[in-house]
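Welcome! Let us take a friendly walk through a protein model, stopping at a few places where side chains meet.

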Amino acid sequence: MTSLSIREIYQGLEENEQSPYGAARNAHAEALCTAAEASGDRGLFRTSLAVLIEAYEYSAERAKLVVPFARLLQEYDRDPAAFGRSDTHGLFWRFKWVAGLIVSSPDIPVATATRWLEDMGRRYRLAGYSERAVHQAEFHLADAIGDTARADRAIEAWRAAERDAMSDCHACEIHTQGRHRALQGRDEQAIEVWEPVLEGRQVCREEPHRVLARALLPLLRLGRHDQARAYHLRGYRMTRGNESLMRAVGEHIEFCALTGNEPRGLEILAEHAGYVERVVSPGVRLEFAGGVLVLLRRLTELGHGDRPAVPYQGAPRTVAELSALLHAEATGIAGRFDARNGNTHISDQLRARIAGAPLVEALPLGVRSTPLPTAAPGTAAAPVAAATAPGVEPLAGLVARARAARRAGHPTATALWDQVAARTGAGEELPEDPALVGDLLERRAIRTGRAGDDAGARALFEQAQAAHTAVGEASRAAFAALGVAGAAAHGGAAPQEVRALLAEAERAAGSLDPADPDRTRRIAAARFSVLRIEAALRHQEAEVHPAGPDAEFVTGLEAFVAAFGQAAGADGAQTADLVAEAETQLARIALGAGRTEHAEALLESAAERALAAGHPWETVAPLTLRAGLLTARGQFAAAEEAARTALGHTGEATDAEEAAEALLTLVDVLLAGEGRAEEAAGHALAAVHRLDRAGLTATAGARARQTLAQAYADAGRTAEAAEVLQSAVADLVALDDREGMSARRFLGGLLCDVQDWRGAAEQYLLAAETAGAWDHTHLQAHCAQAAADALSRAGLGREAAAAYERAVALWGRTGDEPVAEVRCLRSLAWLAVRDGADDENTARGRQLMDRALAVLDGAAAPQDPALRYERAQTWQQTGQLIAERVDAADPVAEAPEDAPAPAAPLAPEQRDVLRAEAVSLWERAAALYEEFGEEALEQRYQCVVAAAWTDQARGRAAASAALFLMSNPYVTGSVLTIDGGQSLF
């Protein structure tokens with residue numbers, strides 16, 4: 001670097017200021033500073049020191065800025081006159097940064113820090129600045145050493161002092177003042193102080209990012225869980241990957257650990273694994289480590305101490321290992337602070353933080369997290385002891401309740417049998433109950449089948465059938481026989497084998513003793529299973545699949561309803577759920593055929609039948625389906641009533657997918673109305689939570705997340721919507737290409753709304769790739785154009801141009817979207833002059849505008865109003881493009897550093913020709929806009945004003961005035977006097 005010229009160093013400093021904050025920017029700034037000092041140019045050296053200080057301030061290496069600041073202060077003391085007004089302001093502003101760093105360094109004695117603050121106060125007074133910033137620095141020192149009384153005095157003096165040019169931005173001050181109250185346990189007051197930042201009225205580069213993180217635990221302690229969830233989703237999105245916000249990342253990890261979201265906390269830690277060993281100031285490291293240690297402690301308590309965490313000190317670490325190593329480092333840092341402070345203030349704070357108890361048992365967040373595996377079980381003796389303790393239900397009683405729930409078809413039966421299996425599996429002695437062996441085998445068979453192991457389920461059902469037969473439980477044996485047939489069918493057994501097993505199951509049901517109270521149900525269940533499995537077998541065997549429903553299946557279902565729907569008494573109650581299910585299936589078929597009235601009648605019958613039989617949980621499916629039908633008809637009030645009734649019949653024991661479907665149907669109804677998105681979001685979140693708990697995160701849970709994202713978006717909570725959907729998009733893509741495409745386009749729009757242009761472009765480009773694989777040109781073109789728009793907003797001109805070119809080609813291929821094609825061409829024209837409106841770039845831009853006009857000329861209906869409007873737009877923008885060329889020839893005295901270099905000068909006659917052409921285009925555009933009346937009033941006004949100004953610049957004041965009077969849509973009946981060639985406007 002020492003061989004660089006002064007010009008090259010200045011250029012390097014300018015380029016470095018455009019780089020992202022972080023280690024790479026810091027290293028480059030250090031090298032440039034060394035080269036600047038070697039050059040002997042004191043002004044350049046001062047500039048390089050200022051650039052280096054700023055690079056350090058907004059990175060994880062803030063502690064390094066003390067040395068370059070001391071050098072810069074020496075330069076000032078040596079020659080204050082060499083510092084301009086802006087340079088002097090920057091020097092005194094950075095004094096605050098250094099004061100904060102000295103306070104947060106355990107190796108700088110309190111006396112030294114105090115002297116530094118005294119020097120700061122002296123310099124500020126001499127310079128005529130308020131002491132507000134000095135009192136703020138004094139507060140930080142008092143807070144760091146645990147001097148509460150001094151901190152209270154300092155914060156009051158800080159607040160009372162006048163704000164001036166040296167005051168921190170209001171948002172940063174609010175952050176610190178609210179934090180002081182939160183640390184004192186005054187959570188309500190802290191939230192009140194933070195309110196202007198939380199509501200977006202006061203913001204800066206690092207706010208509301210930091211306040212959103214700081215507010216999480218106070219909000220939880222106040223019971224404001226919904227707000228805490230929202231701030232986590234919104235705030236973590238702002239914080240992720242920003243190394244200057246390590247403290248905030250630690251606070252988000254701690255929030256997850258204390259709300260039952262340990263898996264997400266571990267994922268956030270993994271995303272920031274590099275932070276665990278990042279060289280930063282001790283204070284920042286201590287605060288980040290404190291949040292991580294809360295998570296590691298919770299994971300260990302939950303039995304996950306042997307789970308992989310993140311690497312540390314060059315080696316992979318388990319949760320327990322990382323906890324021990326990080327705890328030793330954190331307590332070491334705290335000890336250094338204590339030694340400096342002469343008390344145990346910092347160590348006490350760290351211990352209290354690490355030991356923090358969960359504030360919420362389980363707070364659903366809506367975002368996807370990979371569940372932790374089941375922790376290793378303890379010894380067998382513990383459950384046995386618990387089972388025999390006073391107050392614990394005897395196993396025989398639990399078995400009796402499980403059987404009663406199973407007989408009634410109640411959804412609690414599954415959970416009760418799980419409890420029985422857990423206690424017997426833990427070694428508890430079985431009661432004298434010969435039938436229990438078969439019951440437990442049944443339970444295992446059902447669980448195994450749900451897990452997708454059809455062969456295992458079939459084997460277990462066969463064992464259960466044998467066990468039941470051996471003890472004379474003919475009814476349960478018949479049930480198990482039906483289970484064998486179902487598992488064989490699901491497992492892909494040959495049709496003839498499946499049919500034989502079904503026939504055996506029907507014989508077993510029919511041969512039950514007529515006095516057996518379960519006989520009617522067993523016969524009905526076997527018949528219903530035969531109908532469904534036979535339909536699947538016919539579909540499997542058919543060489544050509546019919547377009548409509550299976551007529552034989554429909555006839556069979558109708559016969560089933562007729563045969564068993566009239567049963568009375570106990571028989572009717574036993575088969576009510578099966579008949580209701582058959583009616584619901586018929587309703588689905590009717591809906592597919594467009595027979596909505598018939599479908600609604602069937603759904604009403606199914607719900608009434610289940611309710612009359614005392615099975616309200618069986619009404620959930622038909623009521624939910626009916627609510628969806630009514631929503632599609634626009635009967636929102638009736639739909640809401642049906643959905644809420646269905647929801648009222650769900651409980652914790654209801655099937656998770658069924659309960660979630662009821663919740664999500666209500667969400668659809670609420671989103672169809674106005675102003676009800678907040679309530680809809682609450683129900684969608686509940687659906688996501690239920691599906692996650694049921695292990696359906698990657699399937700039904702992903703779809704529910706998309707609905708939740710829609711509810712958040714409709715409620716104006718865009719950042720939360722983006723965070724939720726982004727966590728689910730990979731699952732949706734894996735489920736189905738079309739669902740994935742829809743999710744990517746939706747996510748792209750959300751990311752545009754939060755100005756994550758690069759992220760949006762990525763989603764649109766991936767969606768375009770999927771559409772291309774389908775050869776869906778329209779959809780591919782839409783996605784390519786959206787990606788180009790996002791890339792352009794991201795400042796990626798070359799990439800945006802390539803995407804626009806692709807979109808132009810695709811729209812051209814469709815032949816029926818001239819408006820979209822023209823808009824892409826105009827965007828390309830503006831990209832052509834983004835790096836400077838010189839002759840070459842302007843010529844390229846004008847060629848593209850001409851291509852746009854040619855597309856309009858070649859359209860099937862060029863006089864269509866929409867196309868005429870686009871023609872006016874193209875004329876107007878071509879005029880603007882020409883004006884850009886004229887303006888580019890005039891150097892600007894105070895142009896931005898990143899402004900393009902001036903274009904080649906224009907001769908007076910060249911200027912006049914170009915200006916005349918621009919005026920002509922604007923006049924033509926204004927005339928065309930007039931056709932659209934009020935709708936294009938603003939565009940017409942812009943053209944009139946631009947033409948008038950340009951004519952005046954040409955020295956044609958009279959023409960300018962006439963044009964303005966005759967064409968200005970906002971001026972009527974005005975009289976303007978031209979006096980001595982004075983400007984009109």
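## W194 and the cores

Let us begin with W194, which touches I174, H175, G178, R179, A182, V211, R214, A215 and P218, leaving out residues up to four places away in sequence. Contact here means heavy atoms within 4.5 Å. Keep in mind that this is a predicted model: local features need pLDDT of at least 70, side-chain atom pairs count only at pLDDT 80 or more, and totals for chains, interfaces and linings use all residues. Residues are numbered from 1 along each chain as its sequence is written, and side-chain values use heavy atoms, with hydrogens and water left out.

W194 and L269 have the most contacts inside the largest nonpolar core, a group of 163 residues. Helix α16 (residues 282-301) gives the most to this core, with ten residues. Another core lies apart from it and has 37 residues, including C33, Y58, W116 and L117. A nonpolar core is a set of buried Ala, Val, Leu, Ile, Met, Phe, Trp, Tyr and Cys residues joined through side-chain atoms within 4.5 Å. Buried means under 20% relative accessible area, exposed means over 50%, and partly exposed is in between (1.4 Å probe, protein chains only). Helices (H or I, at least four residues) and strands (E, at least two) are DSSP runs, numbered from the N terminus.

## A closer look at R214

One of the residues that W194 touches is R214. Helix α11 (residues 209-214) is the place of R214. Is R214 buried or exposed? R214 counts as buried because its relative accessibility is 17%.

The side chains of R214 and E251 are joined by a polar contact of 2.7 Å. Such a contact is a pair of N or O atoms within 3.5 Å; within protein, one must be able to donate a hydrogen and the other to accept it, and residues adjacent in sequence count only if both atoms are side-chain atoms. Beyond its neighbours within four places in sequence, R214 is in contact with H175, R179, W194, R247, E251 and E287.

## Charged pairs

Side chains of opposite charge can pair when their charged atoms come close. How many salt bridges does the structure hold? There are 79 salt bridges, each a side-chain nitrogen of Lys or Arg within 4 Å of a carboxyl oxygen of Asp or Glu.

In one of them, R150 pairs with E138, and the closest N and O atoms are 3.4 Å apart. R150 lies in helix α8 (residues 148-160) and E138 in helix α7 (residues 132-145), so this pair ties together parts that are twelve residues apart in sequence. R150 is buried at 18% relative accessibility, whereas E138 is partly exposed at 26%. R499 and E541 also meet in a salt bridge (3.1 Å, N to O). With R499 in helix α25 (residues 495-510) and E541 in helix α26 (residues 519-541), the pair ties together parts that are 42 residues apart in sequence.

## One face of a helix

In helix α20, the buried residues are L395, L398, V399, A402 and A405. Seen down the axis of α20, these residues fall within an arc of 130° (taken from the directions from the helix axis to the C-beta atoms), so they line one face of the helix. Among the elements that cover them are α21 (412-425) and α22 (436-450). Just after α20, G409 takes a positive phi of about 70°.
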